[in-house]
Amino acid sequence: MTRNAGTGQGEAVACTGLAYAFGETNAVDGLELSVAEGEVFGLLGPNGAGKTTAIRCITTLLPVPAGMVSVFGHDAARDRMAVRRLLGYVPQQLSADSGLTGRENIALFARVFDVPRRERADRVGQALTAVGLTDAADRLAGTYSGGMVRRLELAQALVSAPRLLILDEPTIGLDPIARTGVWQHINAVRAATGMTVLVTTHYMDEADQYCDRVALMHRGRIRALGTPDELREGLGERRRAAGAAATDPLPTLEDVFRDVAGSGLDDQAGDFRDVRSTRRTAHRVG
Ligand SMILES: Nc1ncnc2c1ncn2[C@@H]1O[C@H](COP(=O)(O)OP(=O)(O)OP(=O)(O)O)[C@@H](O)[C@H]1O
């Protein structure tokens, strides 16, 4: 476990009044978000909360029709290339080519992200080492396990040495050992480089264990924000004020989110570990 909140000085990501609609659906609805340089920040929430849409605005893959997004002080609407140069992005969808080797996949990203030609081979080798894929580097990605594919995608995002790594559901559908492996590699790179990490996840236990701060997003907005301990203790206090026994166990993060989102959580999304997640991954690595 690594917890080094805000080891840098500045703000890595700032969203102010960010709004994005698909037709009548307000996917992101006045989002206020501030991620400190050097922290691991978890954006949590049920299916349809607006996490992916917000992430796509931050990565400049979607425009910013209302409000403002900045990444290390660069306006995502006006200075898209400056923002793109600073970040690595691991999307939910498959981004590795099964017909290329691991090394070739990473080399492709090195070219796309303009890593200088003379540095490419070294940087690809470093990225393979960082995710523990050196031995499998020259095998086709199509032969990799789900966990290896995810680590390959992580290496693709790391090859440009980003200051900000954005991961959309990095461990979805993986078994617990593979999930731990992905996080160990993320944390090792972060410890070595001071990179900021913004991650979306449905897994409350991961958010609790690996994130310095978490925000619960529901219906396009942040509904709760703090360290996992602060959020749990806050709900514990509210429950005690409402008559719960002091000896009651501390609430879980999932309790906090059910408390914040209320009944709408069940209506809209079922459980946090919605089956849809697993299906997406089956498609992704299949
Ligand atoms: N391309 C699209 N066209 C129309 N509606 C969309 C599109 N993408 C997302 N939406 C809608 O916008 C809302 C927010 O979706 P988004 O994918 O951002 O949520 P999310 O929190 O990332 O959910 P998930 O955990 O399922 O990925 C949802 O109501 C979704 O149906």
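Helices α8 (residues 228–241) and α9 (residues 253–261) cross at roughly 60 degrees, and their axes come within 9 Å. That angle makes α8 oblique to α9. The crossing is left-handed. From α8, the contact takes in Pro228, Leu231, Arg232 and Leu235. From α9 come Leu253, Asp255, Val256 and Asp259. By class, five of these contact residues are nonpolar, three are charged and none is polar. All of this describes a predicted model.

**A second helix pair**

Two packed helices are described by the angle between their axes and the distance between the axes. Helix α3 (residues 102–112) and helix α5 (residues 146–158) form another such case, with axes that come within 8 Å and cross at roughly 30 degrees. Angles under 35 degrees count as roughly parallel, and α3 and α5 are therefore roughly parallel to each other. Their crossing is right-handed. On the α3 side, Gly102, Asn105, Ile106 and Phe109 make the contact. They meet Leu152, Ala155 and Gln156 of α5. Four of the contact residues are nonpolar and three are polar, with no charged residue.

The table sets out the two pairs.

| Helix pair | Axes come within | Crossing angle |
|---|---|---|
| α8 and α9 | 9 Å | roughly 60 degrees |
| α3 and α5 | 8 Å | roughly 30 degrees |

**The sheet**

Four strands make an open sheet in the order β2-β1-β4-β5. The pairing is antiparallel. At the edges sit β2 (25–36) and β5 (74–75), each pairing on one side only. Strand β4 (residues 66–71) is joined to β5 by two bridges. In one of the pairings, Val71 has His74 of β5 as its bridge partner.

**Around the ligand**

Which residues surround the ligand? The shell holds Phe22, Thr25, Ala27, Gly45, Asn47 and Gly48. It also holds Ala49, Gly50, Lys51, Thr52 and Thr53. Both β2 and α1 give two or more residues to this shell. Helix α1 supplies the largest share, three residues.

By class, the shell has seven polar residues, three nonpolar and one charged.

Technical notes:
Residues numbered from 1 in each chain as written. Predicted model: local features only at pLDDT ≥ 70, side-chain atom pairs only at ≥ 80, totals over all residues. Pairing = 2+ DSSP bridges. Axes fitted to C-alpha atoms, helices over the stretch in contact; angles between N-to-C directions. Parallel < 35°, antiparallel > 145°, perpendicular 65-115°, else oblique. Left-handed = near helix turned anticlockwise from the far one by under 90°. Contact = placed C-beta atoms within 7 Å. Nonpolar A, V, L, I, M, F, W, Y, C, P; charged D, E, K, R; others polar. Near = placed C-beta within 6 Å.
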